[in-house]
Amino acid sequence: MFLVGTLVNGLLIIIGTLIGKLLNRIPESMKTTVMYAIGLSVMVLGLQMGLKSDNFLIVIISLVLGAVFGELMQLDERLNQLGLWLEKKLGSTKLGSTGKGSISEGFVTATLIFVIGAMAIIGALDSGIRGDHDVLYTKGIIDGFTSIILTTTLGIGVIFSAIPVLLYQGIIALFATQIDRLVPQLLMDQFIVEMTATGGIMIFAIGLNLTGLAKIKVANLLPAIVVTGIIVTILYQYHLFV
């Protein structure tokens, strides 16, 4: 069953969110300190990922073009609108959320943290091609613990991030066999390296947001992942890998 790893990942996010909801009486000062700790940890993780690039020029070009496309498509606004729509339909008070827009903020922040990164792609590919779910099991545990803390600070909206995680990883796993047949291993390896670095910069930006040091519209940078794939493919076709 190629979706087992993805399903477990999504389930652990849901469980973590529910546990976090039970712990919502944590003192405000503790929540703030814990959120700073998460933000700093996310920043370090992002830096580690960002430094993995074999050609940082690819990362820079991808982020710049991705930002342009993201702004034109208003991805950040659309994601927030989706979160606000969920809040309006479900009712923040009924769900026990605190603060205006908490469902939107929790949904968007958690989605970006859980979806961006090499573990999601590598894990889904392993699940689909080799039936090995270990990477997604590990990612699920990390996401579960992260969702506990995020829920105590950002609200129940974190639980809805399980939906894009299931869709994103599930689609990759579903088409993994075709990807394996169509995409050369060297091209896939190079894409994962540069995608990891590009995603790492986004994760670093998320950390900045979590610590309150900046308010970057990270969702508007998401097209950079697609741009990275295009650039890497072009370089592969012309044998220009450095």
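In this predicted model, Ile171 counts as partly exposed, at 48% relative accessibility. Partly exposed residues sit between the buried ones, under 20%, and the exposed ones, over 50%. Ile171 is found in helix 9. Along the chain, Ile171 and Gly128 are 43 residues apart, and their C-alpha atoms are separated by 9.6 Å.

**The nonpolar core**

The largest nonpolar core has 47 residues. Which of them touch the most other members? They are Phe114, Leu150, Phe191 and Met202. Several helices give two or more residues to this core, among them helix 2 (28-50), helix 6 (102-115), helix 7 (118-129) and helix 12 (223-237). Helix 3, helix 8 (134-154), helix 9 (162-174) and helix 11 (185-210) also give two or more. The largest share comes from helix 11, with eleven residues.

| Helix | Residues in helix | Distance between end C-alpha atoms | Expected span |
|---|---|---|---|
| Helix 1 | 19 residues | 27 Å | 27 Å |
| Helix 3 | 18 residues | 25 Å | 26 Å |

**Helix 1**

Helix 1 covers residues 4-22, and Asn9 is placed in it. The buried residues of this helix are Gly5, Thr6, Asn9, Gly10, Ile13, Gly16, Thr17 and Gly20. Because these residues cover an arc of only 140° around the axis, they are on the same side of helix 1. An α-helix has 3.6 residues a turn, so residues three or four places apart point the same way. Is Asn9 buried or exposed? Its relative accessibility is 0%, so Asn9 counts as buried. Asn9 and Glu77 are 68 residues apart in sequence, and 27 Å separates their C-alpha atoms in space.

The buried residues of helix 3 are Ile58, Val59, Ser62, Leu63, Gly66 and Gly70. Seen down the helix axis, the buried residues fall within an arc of 120°, so they line one face of helix 3. The face turned away from this buried side carries the exposed residues Leu57 and Leu72. Leu72 belongs to helix 3, which runs over residues 56-73. Why does Leu72 count as exposed? Its relative accessible area is 67%, and the cut-off for exposed is over 50%.

Leu57 and Leu72 are also among the residues of a nonpolar surface patch of about 900 Å². Other members of the patch include Phe56, Ile60, Ile61 and Val64. Leu65, Val68, Phe69 and Met73 belong to the patch as well.

Gln74 follows helix 3 and is placed in the loop between helix 3 and helix 4. The phi of Gln74 is near 55°, a positive value in a residue other than glycine. At 42% relative accessibility, Gln74 counts as partly exposed.

**Helix 8**

Helix 8 has a list of buried residues that includes Leu136, Gly140, Gly144, Thr146, Ser147, Ile148 and Leu150. Lys139 and Asp143 are buried too. After helix 8 comes Gly155, whose phi is positive, near 100°.

**Salt bridges**

How many salt bridges does the structure hold? It holds two. Side chains of opposite charge can pair when their charged atoms come close.

One of the two salt bridges joins Lys139 and Asp143, with the closest N and O atoms 2.7 Å apart. Both residues lie in helix 8, four residues apart, which is about one turn of the helix.

The other salt bridge is formed by Glu77 and Lys217, and here the closest N and O atoms are 3.0 Å apart. Glu77 lies in helix 4 (residues 75-90) and Lys217 in the loop between helix 11 and helix 12, so the pair ties together parts that are 140 residues apart in sequence. Glu77 is partly exposed, with a relative accessible area of 24%. Lys217 is also partly exposed, at 38%. In the other pair, both Lys139 and Asp143 are buried.

Note on methods:
Residues are numbered from 1 along each chain as its sequence is written. This is a predicted model: local features need pLDDT of at least 70, side-chain atom pairs count only at pLDDT 80 or more; totals for chains, interfaces and linings use all residues. Side-chain values use heavy atoms; hydrogens and water are left out. Patches are made of residues with over 30% relative accessible area and no salt bridge: like charges are joined within 9 Å, nonpolar side chains (Val, Leu, Ile, Met, Phe, Trp, Tyr) within 5 Å. Accessible areas come from the Shrake-Rupley method with a 1.4 Å probe; for residues, only the protein chains shown count as cover. A salt bridge is a side-chain nitrogen of Lys or Arg within 4 Å of a carboxyl oxygen of Asp or Glu. Buried means under 20% relative accessible area, exposed over 50%, partly exposed in between (1.4 Å probe, protein chains only). The expected span of a helix is 1.5 Å times one less than its number of residues. The arc is that of the directions from the helix axis to the C-beta atoms. A nonpolar core is a set of buried Ala, Val, Leu, Ile, Met, Phe, Trp, Tyr and Cys residues joined through side-chain atoms within 4.5 Å.
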